[in-house]
Amino acid sequence: MRTTKAARLLAAGAALTALTLLSACSSGPRHDRNEALVSKAPAQPGNGKRQVNVLPGMPPVENPKDLYSADRPNQLSPVVRDFPSRVYVPNTNSDTVTVIDPKTYRVIDTIPVGHQPQHVVPSWDLKTLWVNNDLGNSLTPIDPKTGKAGKPVAVHDPYNLYFTPDGKYAVVMASRDRQLVFRDAHTMKVVKAVPVSCYGVNHADFSPDGRYFIVSCEFSGEILKVDTAKMKVVREERLPYEGAMPQDVKISPDGKLFYIADMVANGVWILDGDKFTKPRFLYTGKGAHGLYVSRDSREMYISNRGEGTISLFDFTKKRLTKKWHLPGGGSPDMGGVSADGKVLWLSGRYNAEVYAINTQTGKELARIKVGNGPHGLAVYPQPGRYSLGHTGIFR
């Protein structure tokens, strides 16, 4: 989430619940042809059996009981196997991307990019990292093999970026423009701009069959259900909490539920995406923001930005089991899990730093100074056959 002025938040509207409102933490400043890299489909391991009636063109679901089965430790696609392991940190207020060597915890490069970079997003084919220059109205491509930035591509209001599971389209979360913009995944040319009635579209995740995706609207406290093939909003619901501010979205390993972090309600909403009925709520901590699944698909890490903690949700037990506290506090935001699953990397949004956390013990391994306003950090490469976007949603 990023700060807008008070006028932008008026759109949040009243909600309908009796939950007790806890104070939330504001975010960093709001985001007030070039050529794209040529890409081809990555190699797709597996037996090729189509176990789910998926969106045409989408890779088959390898294991319907575990959507993250291709994300096991060090299970790298041949496309990325030779890429050096790096942590890419977009600094929204510094207009740079800090590059960290995860083996040494040292900054090895600082890449100038466009104005107010929000997220570093792996492309569907895994070959390119796209830096979302929100106020700069551009995407900067980074070649993860060399670490070099390419020529920026003009894209308006790219707060966040996703890819349809068939690899055909990029979906730009154009928050200021109040649109979901479907673009050609390779050239980034507009195919269809879909207006939305809510404010602040920002995060999403896809159903197991790829036929729809759930989108959060942070400034009006709503969630959307979007038909992927029709490129159309088919359902809309306001979260039952006054001033709700939904953030990251993540589907459960079994594909039955969506989890939506809410930094004002201070927890996660649990939604049946198929039925799209009223979600239930789970308190996690102040400023709940980012959601990341462990390499064994058993746990989900929830960053509570407003209190400097990470909550652990056990999918098998269907409950919270632990809470890790950053020494001396901090502002854990967006990030990802290392390829071997041993380290959780999170940006420290208000502290110009990055946290490396041991996923077995919760111990802080390193705290690394970066630019001002670090946000959508990407750990790369990661296991998986293809990317659905954001800081790394892999299937």
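The model is predicted, so to speak of local features pLDDT must be at least 70, side-chain atom pairs count only at pLDDT 80 or more, and totals for chains, interfaces and linings use all residues. Residues are numbered from 1 along each chain as its sequence is written, and side-chain values use heavy atoms, with hydrogens and water left out.

Student: How many residues of strand β15 are buried?

Tutor: Strands here are DSSP runs (E, at least two residues), numbered from the N terminus. Buried means under 20% relative accessible area, with a 1.4 Å probe and protein chains only. β15 covers residues 222-227 and is mostly covered, the buried count being 6 of 6.

Student: Which residues of β15 point the other way from Glu-222, Leu-224 and Val-226?

Tutor: In a regular strand, side chains alternate between the two faces of the sheet. In β15, both sets are buried, and the ones facing away from Glu-222, Leu-224 and Val-226 are Ile-223, Lys-225 and Asp-227.

Student: Which residue takes a positive phi in the hairpin of β15 and β16?

Tutor: β15 also pairs with β16 (residues 232-238), antiparallel over 6 bridges, and Ile-223 stands opposite Glu-237 there. The hairpin has 4 residues between the strands, and the positive phi, near 50 degrees, belongs to Met-231.

Student: How far apart are the sulfur atoms of Cys-198 and Cys-217?

Tutor: A disulfide is a pair of cysteine sulfur atoms within 2.5 Å, and a search of the whole structure finds 1. Cys-198 and Cys-217 form a disulfide, with a sulfur separation of 2.1 Å.

Student: Why does this pair tie together parts 19 residues apart in sequence?

Tutor: Cys-198 is buried at 0% relative accessible area, and Cys-217 is buried at 0% too. Cys-217 lies in strand β14 and Cys-198 in the loop between β12 (190-195) and β13 (201-206), so the link joins parts that are apart in sequence by 19 residues.

Conventions:
Buried < 20%, exposed > 50% of the residue type's maximum accessible area, 1.4 Å probe, protein only. Pairing = 2+ DSSP bridges.
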